[in-house]
Amino acid sequence: MSSIRIGGIEKFSIVDFPNRMAAVVFMQGCPWRCPFCHNSHLQDVNAETNIVWRKFLDFLEQRKGMLDAVVFSGGEPLVQENLVQAMEDVKAMGYQIGLHTGGYHPKRFEKILPAVDWVGFDVKAPFDEERYKAVTGGIADVARVLESLQMLIASRKAFECRTTCDPRFLNTDDIYTIADSLKNMGVKEYYLQKYRKVPSDTDTTDGQCLALVEDEKLLLYLRESFDIFDVRR
Ligand code: SF4
(Lines give C-alpha, C1' and ligand atoms only; values in the text may rest on other atoms or scores of the structure.)
Protein backbone atom coordinates (compact mmCIF):
# COMPACT_ATOMS: atom_id res chain seq x y z
CA MET A 1 0.00 0.00 0.00
CA SER A 2 1.22 3.47 -0.84
CA SER A 3 2.02 6.29 1.54
CA ILE A 4 0.65 9.60 0.41
CA ARG A 5 -0.06 12.95 2.05
CA ILE A 6 -3.69 14.06 2.07
CA GLY A 7 -4.88 17.55 3.04
CA GLY A 8 -8.62 16.99 2.68
CA ILE A 9 -11.42 14.82 1.34
CA GLU A 10 -14.75 15.52 -0.29
CA LYS A 11 -16.85 12.41 0.02
CA PHE A 12 -19.23 13.13 -2.85
CA SER A 13 -18.98 15.39 -5.88
CA ILE A 14 -20.73 15.58 -9.24
CA VAL A 15 -18.66 18.51 -10.53
CA ASP A 16 -15.05 17.30 -10.33
CA PHE A 17 -15.17 14.49 -12.93
CA PRO A 18 -17.62 14.95 -15.83
CA ASN A 19 -20.64 12.65 -15.66
CA ARG A 20 -19.29 10.70 -12.70
CA MET A 21 -20.14 10.56 -9.03
CA ALA A 22 -16.77 10.94 -7.39
CA ALA A 23 -14.94 11.29 -4.13
CA VAL A 24 -12.23 13.95 -4.23
CA VAL A 25 -8.97 13.59 -2.38
CA PHE A 26 -6.98 16.81 -1.95
CA MET A 27 -3.26 16.14 -1.98
CA GLN A 28 -1.08 18.08 0.42
CA GLY A 29 1.59 20.17 -1.28
CA CYS A 30 1.96 22.48 -4.25
CA PRO A 31 5.17 24.03 -5.62
CA TRP A 32 3.35 27.04 -7.08
CA ARG A 33 2.00 30.14 -5.33
CA CYS A 34 -0.85 31.38 -7.53
CA PRO A 35 -2.16 34.69 -6.10
CA PHE A 36 -5.76 33.52 -6.66
CA CYS A 37 -5.30 30.24 -4.75
CA HIS A 38 -8.18 29.31 -2.46
CA ASN A 39 -6.30 26.24 -1.18
CA SER A 40 -3.24 27.91 0.28
CA HIS A 41 -3.50 25.59 3.31
CA LEU A 42 -2.57 22.77 0.90
CA GLN A 43 0.56 24.43 -0.45
CA ASP A 44 3.05 23.30 2.22
CA VAL A 45 3.79 19.63 1.56
CA ASN A 46 5.01 19.22 5.15
CA ALA A 47 1.96 20.77 6.83
CA GLU A 48 0.34 18.75 9.61
CA THR A 49 -2.55 16.59 8.44
CA ASN A 50 -4.44 13.91 10.31
CA ILE A 51 -6.07 12.31 7.28
CA VAL A 52 -4.71 8.84 6.73
CA TRP A 53 -4.57 7.18 3.32
CA ARG A 54 -5.53 3.77 4.78
CA LYS A 55 -8.72 5.25 6.22
CA PHE A 56 -9.59 6.82 2.88
CA LEU A 57 -9.21 3.39 1.25
CA ASP A 58 -11.53 1.95 3.94
CA PHE A 59 -14.05 4.66 3.06
CA LEU A 60 -13.79 3.75 -0.63
CA GLU A 61 -14.30 0.09 0.23
CA GLN A 62 -17.61 1.02 1.88
CA ARG A 63 -18.71 3.17 -1.07
CA LYS A 64 -18.21 0.54 -3.77
CA GLY A 65 -21.23 0.59 -6.07
CA MET A 66 -22.22 4.09 -4.89
CA LEU A 67 -19.33 6.07 -6.35
CA ASP A 68 -17.86 5.79 -9.85
CA ALA A 69 -14.57 7.58 -9.49
CA VAL A 70 -11.91 9.15 -7.32
CA VAL A 71 -10.42 12.51 -8.28
CA PHE A 72 -6.88 13.32 -7.15
CA SER A 73 -6.86 17.07 -6.68
CA GLY A 74 -4.80 19.54 -4.74
CA GLY A 75 -2.61 21.23 -4.09
CA GLU A 76 -0.74 19.65 -6.95
CA PRO A 77 -1.03 15.85 -6.94
CA LEU A 78 2.16 15.45 -9.00
CA VAL A 79 4.12 16.54 -5.91
CA GLN A 80 3.45 13.11 -4.40
CA GLU A 81 6.17 10.58 -5.13
CA ASN A 82 3.82 7.66 -4.49
CA LEU A 83 0.99 8.90 -6.68
CA VAL A 84 1.21 6.00 -9.14
CA GLN A 85 0.84 3.41 -6.42
CA ALA A 86 -1.98 5.34 -4.77
CA MET A 87 -3.88 5.50 -8.05
CA GLU A 88 -3.30 1.82 -8.67
CA ASP A 89 -4.62 1.02 -5.17
CA VAL A 90 -7.81 2.91 -6.00
CA LYS A 91 -8.13 1.57 -9.53
CA ALA A 92 -7.82 -1.99 -8.22
CA MET A 93 -10.97 -1.32 -6.19
CA GLY A 94 -12.89 -0.66 -9.41
CA TYR A 95 -12.91 3.13 -9.40
CA GLN A 96 -12.13 5.37 -12.35
CA ILE A 97 -9.34 7.87 -11.76
CA GLY A 98 -9.53 11.61 -12.28
CA LEU A 99 -6.67 14.07 -11.89
CA HIS A 100 -6.57 17.84 -11.46
CA THR A 101 -3.14 19.19 -12.32
CA GLY A 102 -1.16 22.11 -13.65
CA GLY A 103 1.29 19.66 -15.21
CA TYR A 104 4.28 20.87 -13.26
CA HIS A 105 6.15 17.53 -13.23
CA PRO A 106 6.09 15.87 -16.70
CA LYS A 107 8.16 12.83 -15.72
CA ARG A 108 5.78 11.91 -12.91
CA PHE A 109 2.83 12.79 -15.15
CA GLU A 110 4.09 10.30 -17.74
CA LYS A 111 4.19 7.57 -15.10
CA ILE A 112 0.66 8.13 -13.81
CA LEU A 113 -1.05 8.73 -17.19
CA PRO A 114 -1.77 5.04 -17.90
CA ALA A 115 -3.76 4.84 -14.64
CA VAL A 116 -5.76 8.00 -15.28
CA ASP A 117 -9.17 8.08 -16.99
CA TRP A 118 -9.75 11.84 -17.10
CA VAL A 119 -7.65 14.96 -16.50
CA GLY A 120 -8.63 18.53 -15.66
CA PHE A 121 -5.57 20.51 -16.81
CA ASP A 122 -5.11 24.05 -15.47
CA VAL A 123 -3.70 26.53 -17.95
CA LYS A 124 -2.60 29.51 -15.90
CA ALA A 125 -1.46 32.00 -18.54
CA PRO A 126 -0.22 32.31 -22.13
CA PHE A 127 2.61 29.85 -22.70
CA ASP A 128 5.38 32.36 -22.11
CA GLU A 129 7.99 31.94 -19.40
CA GLU A 130 7.53 35.33 -17.77
CA ARG A 131 3.74 35.30 -17.96
CA TYR A 132 3.53 31.82 -16.47
CA LYS A 133 5.90 32.77 -13.70
CA ALA A 134 3.84 35.88 -12.89
CA VAL A 135 0.71 33.80 -12.30
CA THR A 136 2.42 31.10 -10.24
CA GLY A 137 4.36 33.21 -7.78
CA GLY A 138 7.50 33.24 -9.92
CA ILE A 139 7.91 29.48 -9.86
CA ALA A 140 6.42 27.59 -12.83
CA ASP A 141 8.57 26.36 -15.69
CA VAL A 142 6.41 26.77 -18.79
CA ALA A 143 8.44 24.23 -20.80
CA ARG A 144 7.53 21.55 -18.27
CA VAL A 145 3.87 22.54 -18.39
CA LEU A 146 3.88 22.31 -22.19
CA GLU A 147 5.63 18.94 -22.08
CA SER A 148 2.89 17.59 -19.80
CA LEU A 149 0.09 19.02 -21.93
CA GLN A 150 1.57 17.64 -25.16
CA MET A 151 1.90 14.26 -23.48
CA LEU A 152 -1.73 14.42 -22.40
CA ILE A 153 -2.95 15.29 -25.90
CA ALA A 154 -0.88 12.48 -27.43
CA SER A 155 -2.23 10.00 -24.88
CA ARG A 156 -5.80 10.38 -26.21
CA LYS A 157 -7.10 10.31 -22.65
CA ALA A 158 -10.26 12.30 -21.94
CA PHE A 159 -9.38 15.76 -20.63
CA GLU A 160 -10.30 19.40 -20.43
CA CYS A 161 -8.25 22.58 -20.12
CA ARG A 162 -9.40 25.46 -17.97
CA THR A 163 -8.20 28.92 -17.03
CA THR A 164 -9.04 31.00 -13.96
CA CYS A 165 -9.73 34.55 -15.15
CA ASP A 166 -7.97 36.64 -12.54
CA PRO A 167 -8.09 40.17 -14.02
CA ARG A 168 -5.01 41.16 -12.02
CA PHE A 169 -2.94 38.89 -14.28
CA LEU A 170 -4.94 38.12 -17.41
CA ASN A 171 -6.65 40.35 -19.95
CA THR A 172 -8.82 39.65 -22.99
CA ASP A 173 -5.85 39.35 -25.35
CA ASP A 174 -4.29 36.76 -23.04
CA ILE A 175 -7.37 34.55 -23.28
CA TYR A 176 -7.33 34.81 -27.10
CA THR A 177 -3.65 33.87 -27.01
CA ILE A 178 -4.22 30.90 -24.70
CA ALA A 179 -7.18 29.74 -26.77
CA ASP A 180 -5.24 29.91 -30.05
CA SER A 181 -2.35 27.95 -28.53
CA LEU A 182 -4.66 25.26 -27.18
CA LYS A 183 -6.62 25.00 -30.42
CA ASN A 184 -3.42 24.67 -32.43
CA MET A 185 -2.23 21.92 -30.12
CA GLY A 186 -5.47 19.98 -30.68
CA VAL A 187 -7.36 20.72 -27.46
CA LYS A 188 -11.10 20.22 -27.93
CA GLU A 189 -12.57 21.17 -24.56
CA TYR A 190 -11.93 24.42 -22.74
CA TYR A 191 -13.48 26.33 -19.83
CA LEU A 192 -13.09 29.77 -18.38
CA GLN A 193 -13.44 29.91 -14.62
CA LYS A 194 -14.61 33.11 -12.97
CA TYR A 195 -12.09 34.52 -10.53
CA ARG A 196 -13.43 34.33 -6.96
CA LYS A 197 -11.67 36.98 -4.94
CA VAL A 198 -9.22 35.80 -2.32
CA PRO A 199 -9.40 37.57 1.06
CA SER A 200 -6.11 39.41 0.44
CA ASP A 201 -7.52 41.02 -2.72
CA THR A 202 -9.28 44.16 -1.55
CA ASP A 203 -8.98 46.07 -4.81
CA THR A 204 -10.60 44.01 -7.56
CA THR A 205 -14.25 44.92 -8.10
CA ASP A 206 -17.06 42.45 -8.78
CA GLY A 207 -17.33 43.91 -12.28
CA GLN A 208 -13.64 43.24 -12.92
CA CYS A 209 -14.08 39.64 -11.71
CA LEU A 210 -16.81 39.19 -14.32
CA ALA A 211 -15.33 41.14 -17.22
CA LEU A 212 -13.59 38.27 -19.01
CA VAL A 213 -16.30 35.66 -18.50
CA GLU A 214 -18.97 38.11 -19.75
CA ASP A 215 -17.11 39.38 -22.82
CA GLU A 216 -19.57 38.22 -25.49
CA LYS A 217 -17.16 38.68 -28.41
CA LEU A 218 -14.55 36.59 -26.62
CA LEU A 219 -17.08 33.92 -25.63
CA LEU A 220 -18.31 33.63 -29.22
CA TYR A 221 -14.73 33.18 -30.42
CA LEU A 222 -14.13 30.47 -27.82
CA ARG A 223 -17.35 28.65 -28.71
CA GLU A 224 -16.22 28.60 -32.33
CA SER A 225 -12.70 27.49 -31.41
CA PHE A 226 -13.51 24.41 -29.35
CA ASP A 227 -15.89 21.47 -29.63
CA ILE A 228 -16.89 22.14 -26.04
CA PHE A 229 -16.54 25.48 -24.30
CA ASP A 230 -18.28 26.94 -21.29
CA VAL A 231 -17.92 29.37 -18.41
CA ARG A 232 -17.83 28.28 -14.79
CA ARG A 233 -18.91 30.84 -12.22
S1 SF4 B 1 -1.52 25.38 -8.55
FE2 SF4 B 1 -3.51 25.29 -7.50
S3 SF4 B 1 -3.06 24.66 -5.39
FE4 SF4 B 1 -1.14 25.35 -6.33
S5 SF4 B 1 -0.94 27.49 -5.72
FE6 SF4 B 1 -1.91 27.43 -7.74
S7 SF4 B 1 -4.12 27.45 -7.34
FE8 SF4 B 1 -3.08 26.89 -5.41
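**Start with the sheet**

Show the strands: eight of them form an open sheet with mixed pairing, in the order S1-S2-S3-S4-S5-S6-S7-S8. Helices (H or I, at least four residues) and strands (E, at least two) are DSSP runs numbered from the N terminus, and two strands pair if DSSP finds at least two bridges between them. Select S1 (6-13) and S8 (228-232) next: these are the edge strands, each with a single partner, so one side of each has no neighbour in the sheet. From one strand to the next, the twist averages 20°; angles run from 0 to 180 degrees between N-to-C directions, and axes are lines fitted to C-alpha atoms, for helices over the stretch in contact.

This is a predicted model, where local features need pLDDT of at least 70 and side-chain atom pairs count only at pLDDT 80 or more, while totals for chains, interfaces and linings use all residues. Residues are numbered from 1 along each chain as its sequence is written, and side-chain values use heavy atoms, leaving out hydrogens and water.

Now pick S7 (residues 189-194), which runs parallel to S8 and is joined to it by five bridges. Glutamate 189 has isoleucine 228 of S8 as its bridge partner.

**On to the loops**

Select asparagine 19 in the loop between S1 and S2. Its phi is positive, about 60°, although this residue is not a glycine. Then move to glycine 75, in the loop between S3 and H2.

**Finish at the ligand**

Keep glycine 75 selected: Gly75 is one of the residues surrounding the ligand, along with Cys30, Trp32, Arg33, Cys34, Cys37, Gln43 and Lys124 (a heavy atom within 4 Å counts as near).
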